[in-house]
Amino acid sequence: MVNLELRLPPPLIFTLSAAAMWGMRGGGEPAGWQWVLGALLVALGAVLGFGALQRFRHHQTTISPTRPHHTRHLVTCGVYRISRNPMYLGLLCWLLAWGCYLGGVWVWLGPVLLVAWLTRFQIIPEERLLQARFGDEYARYCQRVRRWC
C-alpha cells in the first residue's frame, strides 16, 4: 500500500477539492448574502495564509508542506497564536468561499474532504515530526493552541 503521508502538497488537494466542487455545483446565481460571506471568507483565508507565510519567512524556516522535517524553528507567534495550521485553515476558508459561490448541497463535501485529508495525511504526520524535534516546547504549544482554530 502506498504511504500518502506528506506526499501530496496541500495546494494540490485544495485544487482537486475545488474542481470536484465545481462538478457538484447547484447552479443558479448566488444570493447577496452568499457573495458577502464568500468575500469575508476569502479575506480571512488571505490573512491567515499570507500571515502564516510571513511568519515562516521571518523565522527563516521551511514553508514546504512535503518537507516538514526541514523545520528549523517552532513558530508560535502571529496567526500561529490562534491556529497551529493557519495555512491550511486559510485554504479551508477559500474552499468554503468557493462553496458559497457555487451553491448546492453536494459542494459542501469538498471542505469536509479537505479537512479529513489534511488532518490524516498532512497534519498528524507533521505533528509527529514537530513533537520529535521540539519536544516539551511543542507539547506546551499544542496545549495552548488548537489544531484548526
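Select residues 32–53 in this predicted model: the chain is 100% helix and 0% strand over this span, and its end C-alpha atoms stand 32 Å apart. The unreviewed UniProt entry annotates these residues as "transmembrane region", and gives the same annotation to residues 88–109.

Select residues 88–109 next, where the span is 73% helix and 0% strand and the end C-alpha atoms lie 17 Å apart. Within this selection, go to Val105, which sits in the loop between α3 (86–102) and α4 (109–144). Val105 counts as exposed because its relative accessibility is 67%, a value to be read against the cut-off of over 50% for exposed residues.

Is Asn85 buried or exposed? With a relative accessible area of 8%, Asn85 is buried, because buried means under 20% on this scale. To see what surrounds Asn85, display Ile123, Glu126 and Arg147, which are the residues that Asn85 touches when those up to four places away in sequence are not counted. Finally, draw a distance from the side chain of Asn85 to the backbone oxygen of Arg147, where the separation is 2.8 Å, which places the pair within the 3.5 Å limit for a polar contact.

Terms used
Residues are numbered from 1 along each chain as its sequence is written. This is a predicted model: local features need pLDDT of at least 70, side-chain atom pairs count only at pLDDT 80 or more; totals for chains, interfaces and linings use all residues. Side-chain values use heavy atoms; hydrogens and water are left out. UniProt positions are given in the numbering used here, feature names are shortened, and annotations may be inferred rather than shown by experiment. Helices (H or I, at least four residues) and strands (E, at least two) are DSSP runs, numbered from the N terminus. Buried means under 20% relative accessible area, exposed over 50%, partly exposed in between (1.4 Å probe, protein chains only). A polar contact is a pair of N or O atoms within 3.5 Å; within protein, one must be able to donate a hydrogen and the other to accept it, and residues adjacent in sequence count only if both atoms are side-chain atoms. Contact means heavy atoms within 4.5 Å.
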